[in-house]
Amino acid sequence: MNSIASQFQWKNFNLNMELHISGAFIYEGIFILDRLDQLNAEEDCFLFLYNISVGIERLEKIAYLLLAHKSGDLNPANKLKSHNHTSFYDRIKYYATLPFSKRETDFLELLRRFYANGRYNRFNYNENVSEYIHNNDKDILFNYLEKYLNLNPISYIGCSQSITLSQTVKDSIGEIISSIVLPLYRLICDTAYSLHLFTYEIRYGSKAYKIFIEQEFSFYKEHITQREIILKLINSPTNKYIEPFHSIAPIDLENQTISNYIKYLINFSTCMDIKDEVSQIYEDNHLENRASQIELIGSEYDCDDESDELEVDVINVAQFNVDDIFTEKIYKNGNKRISVRKLNSEEITLICTALRIFKYQYGGIWYFMRVNNDVVEHINNRELSRLINEYISEQLIENSFSRDYRNAFLQKYGSIIPINLLKDVCPIVMTSREMDHKIGMCIDKAYRNNYLKDELLRFLQIHEFLYAKSKTSQLGYYYKLISPNKYLIVDIATFDESKACYVFDLLEANSQNNRHPNIEDGKIIIYGLDIIKHREILERLLTND
């Protein structure tokens with residue numbers, strides 16, 4: 001591999017992996033606090049500081065390396081053998097400006113002190129006992145929180161100092177961390193982009209995705225989701241997944257309140273007595289084999305096409321009584337008049353459910369979506385009304401309503417069913433990473449094309465393509481020898497700002513006597529970036545070795 005390809009491999013893929021590792025450390029750091037109601041144990045303070053300090057340090061080093069390379073320093077790695085957070089901040093400031101206030105710089109200093117001294121301070125013997133007391137991890141962390149969050153540690157009789165970790169406190173600590181992490185990540189994005197690198201790309205669903213892309217520094221949404229799932233299970237009718245569990249008698253849990261048992265489901269590091277209670281019941285009643293019996297709970301197993309049955313149930317529920325929307329009046333002269341009342345919210349909700357239409361919030365905006373053949377589609381207001389009108393028209397036909405009734409309905413609803421009513425009653429699908437991805441692929445052009453670009457780069461990396469500069473493209477091209485004198489070339493030609501996508505050519509090029517392939521000699525096979533669509537062609541070309 002030539003030096004150019006090696007440089008690209010290092011900056012584009014190795015540093016990208018370091019970015020994911022950095023995000024994972026930061027994720028674990030805030031997750032440690034999330035599982036606590038009280039911060040009092042020194043090991044919890046240590047683990048929080050350790051994970052956050054390693055995560056931010058690696059983030060600083062990535063930013064520094066990219067900035068140094070951009071300025072022409074091709075060998076800055078020899079300056080990385082340090083764990084000094086404030087020193088790396090100063091090095092970054094030499095190249096760029098970061099919006100850090102004293103609160104942020106003091107936090108970096110806290111991390112520097114911890115990493116330089118606190119990590120191994122307890123291993124060093126010192127006759128002065130007070131040195132241990134006033135320079136431990138917990139002490140420096142509590143002093144910082146007391147200064148910037150106005151938190152006053154409480155001392156209980158016989159216990160060490162403690163800070164109550166309410167959701168507000170956890171959010172405030174997360175906000176401090178985010179005020180350092182997000183500017184560093186934006187700096188990495190801007191620098192990598194100017195160098196035509198994809199170092200900033202984050203794998204969907206990874207721990208780093210939550211930190212850098214979703215920009216979430218607490219687990220509030222996850223706990224909301226857990227509670228919604230519990231509520232769903234409590235209120236769900238018996239189905240083929242739940243049914244087998246009714247044959248298993250529950251054990252006699254009675255030492256705690258129901259709220260404490262549910263709290264344990266959300267965070268099993270709290271209410272530790274519950275685990276002891278279950279263990280004691282198992283021991284007293286000789287339930288050694290029960291664990292294997294209940295392992296099905298939360299596992300995937302075949303429940304005989306439950307999805308098909310649920311689909312039928314949903315549609316049956318949605319068969320509202322269409323007779324109710326009509327009123328017939330016959331006058332003395334024999335004339336007949338058919339009136340149609342407005343559809344109520346319950347009826348429209350049932351119709352939306354039957355048509356698998358739902359409302360979803362993406363990027364702060366509400367969208368109407370439809371699941372059609374398991375594919376999520378975006379539908380506009382007029383299309384939404386048309387689908388509802390067609391559904392009711394079909395109901396009228398199936399119920400043998402006369403043409404007069406159908407015409408009366410079309411006259412009433414021939415234009416548009418009030419969108420304001422639809423916005424209020426259309427079923428809402430809760431936010432999730434998977435659904436965010438599906439909706440993003442459907443309606444967000446920038447997200448979709450960047451995702452496809454990532455898929456392309458992953459494909460090339462897996463298949464060991466090499467990178468080279470191109471005379472015709474500022475982004476260069478990737479190539480691989482697929483036969484003795486034939487190369488497969490993927491040329492990322494340009495970035496189309498208007499379409500927010502990378503445009504590329506897929507070419508086959510001949511090379512005599514192992515001469516480096518000339519991209520201009522190639523034959524264009526594909527134009528346009530859609531790795532999912534063209535994967536089969538790429539695979540077929542690669543298997544012609």
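**View 1. The β7-β8 hairpin in the predicted model.** Strands β7 and β8 run antiparallel and are joined by four bridges. Asn-372 stands opposite Val-375, a residue of β8. The two strands form a hairpin, and two residues lie between them. Asn-373 is in the turn of this hairpin and has a positive phi of about 55°.

**View 2. The open sheet β6-β7-β8.** Three strands make up this open sheet, in the order β6-β7-β8, and their pairing is antiparallel. The edges are formed by β6 (357-362) and β8 (375-378), each of which pairs on one side only. On average, neighbouring strands of the sheet are turned by 40° against each other, with direction ignored. Between β6 and strand β7 (residues 365-372) there are six bridges, and the two pair in the antiparallel sense. Phe-358 has Met-369 in β7 as its bridge partner. In a regular strand, side chains alternate between the two faces of the sheet.

**View 3. Helix α18 across the sheet.** Helix α18 covers residues 433-443 and lies across β6, β7 and β8. The helix runs at about 90° to β6. As for β6 itself, this strand is an edge strand of the sheet and pairs on one side only.

**View 4. Helix α14 and the residue Arg-356.** Helix α14 spans residues 345-354. Which residues of α14 are buried? They are Glu-347, Ile-348, Leu-350, Ile-351, Cys-352 and Ala-354. An α-helix has 3.6 residues a turn, so residues three or four places apart point the same way. Just after α14 comes Arg-356, which takes a positive phi of about 60°.

**View 5. The packing of helix α6 with helix α7.** Two packed helices are described by the angle between their axes and the distance between the axes. Here α6 (residues 137-149) packs with α7 (residues 167-194) at an angle of about 95°, and the axes are 12 Å apart. That angle makes α6 roughly perpendicular to α7. On the α6 side of the contact are Tyr-144, Leu-145 and Leu-149, which meet Ser-172, Ile-173 and Ile-176 in α7. Of the residues in this contact, five are nonpolar, one is polar and none is charged.

**View 6. The loop residues Asn-150 and His-196.** Asn-150 lies in the loop between α6 and β2. Its phi is near 55°, a positive value in a residue other than glycine. Is Asn-150 buried or exposed? Asn-150 counts as exposed because its relative accessibility is 64%, and the cut-off for exposed is over 50%. His-196 is placed in the loop between α7 and α8 (207-213). Phi of His-196 is near 60°, also a positive value in a residue other than glycine. With a relative accessibility of 29%, His-196 counts as partly exposed.

**View 7. The open sheet β1-β3-β2.** This open sheet has three strands in the order β1-β3-β2, with antiparallel pairing. Its edge strands are β1 (38-39) and β2 (154-155), and each of them pairs on one side only. Strand β3 (residues 161-164) runs antiparallel to β2, and two bridges join the two strands.

**View 8. Pro-484 and Asn-510.** Pro-484 is in the loop between β10 (477-483) and β11 (486-496). Pro-484 is exposed, as its relative accessible area is 64%. Along the chain, Pro-484 and Asn-510 are 26 residues apart. What separation do the C-alpha atoms of Pro-484 and Asn-510 have? They are separated by 9.3 Å.

View 9. The protein has 545 residues, and buried residues make up 42% of them. Among contacts with a separation of 6 or more, 63% are between residues 24 or more positions apart. The accessible surface comes to about 30800 Å², and 51% of this surface belongs to carbon and sulfur atoms.

Notes: Residues numbered from 1 in each chain as written. Predicted model: local features only at pLDDT ≥ 70, side-chain atom pairs only at ≥ 80, totals over all residues. Heavy atoms only, no water. Axes fitted to C-alpha atoms, helices over the stretch in contact; angles between N-to-C directions. Parallel < 35°, antiparallel > 145°, perpendicular 65-115°, else oblique. Contact = heavy atoms within 4.5 Å. Nonpolar A, V, L, I, M, F, W, Y, C, P; charged D, E, K, R; others polar. Pairing = 2+ DSSP bridges. Buried < 20%, exposed > 50% of the residue type's maximum accessible area, 1.4 Å probe, protein only. Areas by Shrake-Rupley, 256 points an atom, 1.4 Å probe, with all protein chains shown as cover.
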